[in-house]
Amino acid sequence: MDYPFGDGTSLALEPEYAEARATCPVVRVRLPFGGEAWLVTRHADVREVLTDPRFSSRETTRNPDGPRFTPQPLFPAGVMSMDPPEHTRIRSLVSKAFTGARVQALRPRITEIAEGLADAMLEHGPPADLVTMFALPLPVTVICELLGVPYADHGRFRELSDALLSTTALPPEEIFAAVKELNLYLAGLIEARRAAPRDDMLSGLIRARDQEDRLSEQELVEFSVGLLVTGHETAATQIANFTYMLARNPGQLAALRADPALIPNAVEELLRHTPSAR
């Protein structure tokens, strides 16, 4: 069976997923590049694959001829391609920054940013571009402030992160060049923050490297790149996707407008229901 199913032009899941869940929940599929793989379609099985130490993220980057979605072999991408205990050690360093209390403390500033962007869209008038005027600048501003990255640089690192996450749009040499430039950018920012520490996450990671010896220099740079890229990409995509889903379901949208208390549960349900990779 060829994978991915369909052409990926909408947020609706192709019927092959439902068929596989009902008849063959672990199915052999042919990937666009690099041979065959197993597709797991049921929640319990997916959870087991993601948590069982017999499955490895690192192994996906070690075999250049292994199954893949991209024309070029995968390359190690920091924490995303690590296995425990290395993954656990590095992830624990940033977990303190995302505790419930810390996230709640960020809420007023995030609300302020979101309201400012919404006001600017209203002032602009229709038609307004949701992605460029709201969905992207909101998480980009938040992750810049959290990490301590100058917002003035957001345009360039947005271009570089798009290249890094590209699957087929760019040739391999351009993707590797983007990775190199992002690493050099963060390495330079780390040196600047070493000389003048601030109350931000990047300074905290530097302390973990220099004072506590819990990170290598390469891990520090790669982890910072990973936070910068993944810290805005998924949020930006899902803001746009959620808006699209609600626009396609006007009854649900009307219910949320009539009773904003429904919004927290609606967000959870949208996260569950809406694909994040379209």
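Modeller: Helices α8 and α10 are roughly perpendicular to each other. The model under discussion is predicted.

Colleague: Why are α8 and α10 called roughly perpendicular?

Modeller: Helix α8, residues 172-195, packs with α10 at an angle of about 110°, and their axes are 9 Å apart. Angles of 65 to 115 degrees count as roughly perpendicular, and α8 and α10 are therefore given that description.

Colleague: Which residues of α8 and α10 meet?

Modeller: From α8 come L182, N183, L186, A187, I190, E191 and R194. Helix α10 contributes E217, L220, V221, E222, S224, V225, L228 and V229.

Colleague: How do the residues of the contact of α8 with α10 divide by class?

Modeller: That contact has nine nonpolar, two polar and four charged residues.

Colleague: How do you know what orientation α10 and α12 have to each other?

Modeller: The axes of α10 (residues 217-248) and α12 (residues 263-273) cross at roughly 100° and come within 11 Å. Since 65 to 115 degrees is the range for roughly perpendicular, α10 and α12 are therefore roughly perpendicular as well. The contact is formed by F242, M245 and L246 on the side of α10, with L270, L271 and H273 on the side of α12.

Colleague: What is the make-up, by class, of the contact of α10 with α12?

Modeller: Five residues are nonpolar, one is polar and none is charged.

Colleague: Where is T274 found, and is T274 buried or exposed?

Modeller: T274 is in the segment after α12. Its relative accessible area is 4%, and buried means under 20%, so T274 is buried. Apart from neighbours within four places in sequence, T274 is in contact with L11, Q238, N241, F242 and M245. Of these, F242 and M245 also belong to the contact of α10 with α12.

Colleague: Which residues of α7 are buried, and what covers them?

Modeller: In α7, residues 154-164, the buried residues are F157, R158, L160, S161 and A163. Their cover includes α6 (137-147), α8 and α10.

Colleague: How do you know how many disulfides the structure has?

Modeller: A disulfide requires a pair of cysteine sulfur atoms within 2.5 Å. A search of the whole structure finds zero disulfides.

Colleague: What makes C24 and C144 fall into their accessibility classes?

Modeller: The limits are under 20% for buried and over 50% for exposed, with partly exposed in between. C24, at 33% relative accessibility, therefore counts as partly exposed. C144, at 2%, therefore counts as buried.

Colleague: Where does A18 lie, and why is A18 placed in its accessibility class?

Modeller: A18 is in helix α1, residues 15-23.

Colleague: What makes S81 buried, and where does S81 lie?

Modeller: S81 has 4% relative accessibility, which is under 20%, and so S81 counts as buried. S81 is located in the loop between α2 (43-51) and α3 (86-95). From S81 to H43, 38 residues apart along the chain, the C-alpha separation is 22 Å.

Colleague: Which peptide bonds that join two prolines are cis?

Modeller: The bond from P84 to P85 is cis, with omega near 5°, and P85 lies in the loop between α2 and α3. The bond that joins P126 and P127 is also cis, with omega about -5°. P127 is in the loop between α4 (100-124) and α5 (130-135). For background, most peptide bonds are trans.

Colleague: How do you know whether the radius of gyration of the chain agrees with that of a compact globule?

Modeller: For 278 residues, a compact globule would have a radius of gyration near 19 Å; the chain has 21 Å, so the two agree. The C-alpha atoms fill a box of roughly 60 × 50 × 35 Å along the principal axes. Of the 278 residues, 33% count as buried. Among contacts with a separation of 6 or more, 60% come from residues 24 or more positions apart.

Colleague: How many helices and strands does the chain have, and where do the strands fall in the order of elements?

Modeller: The chain has 12 helices and two strands.

Notes. Residues are numbered from 1 along each chain as its sequence is written. This is a predicted model: local features need pLDDT of at least 70, side-chain atom pairs count only at pLDDT 80 or more; totals for chains, interfaces and linings use all residues. Side-chain values use heavy atoms; hydrogens and water are left out. Axes are lines fitted to C-alpha atoms, for helices over the stretch in contact, and angles run from 0 to 180 degrees between N-to-C directions. Helices (H or I, at least four residues) and strands (E, at least two) are DSSP runs, numbered from the N terminus. Angles under 35 degrees count as roughly parallel, over 145 as roughly antiparallel, 65 to 115 as roughly perpendicular and the rest as oblique. Contact means heavy atoms within 4.5 Å. Ala, Val, Leu, Ile, Met, Phe, Trp, Tyr, Cys and Pro count as nonpolar, Asp, Glu, Lys and Arg as charged, and the others, Gly among them, as polar. Buried means under 20% relative accessible area, exposed over 50%, partly exposed in between (1.4 Å probe, protein chains only). The radius of gyration is taken over C-alpha atoms; the globule rule is 2.2 Å times the number of residues to the power 0.38.
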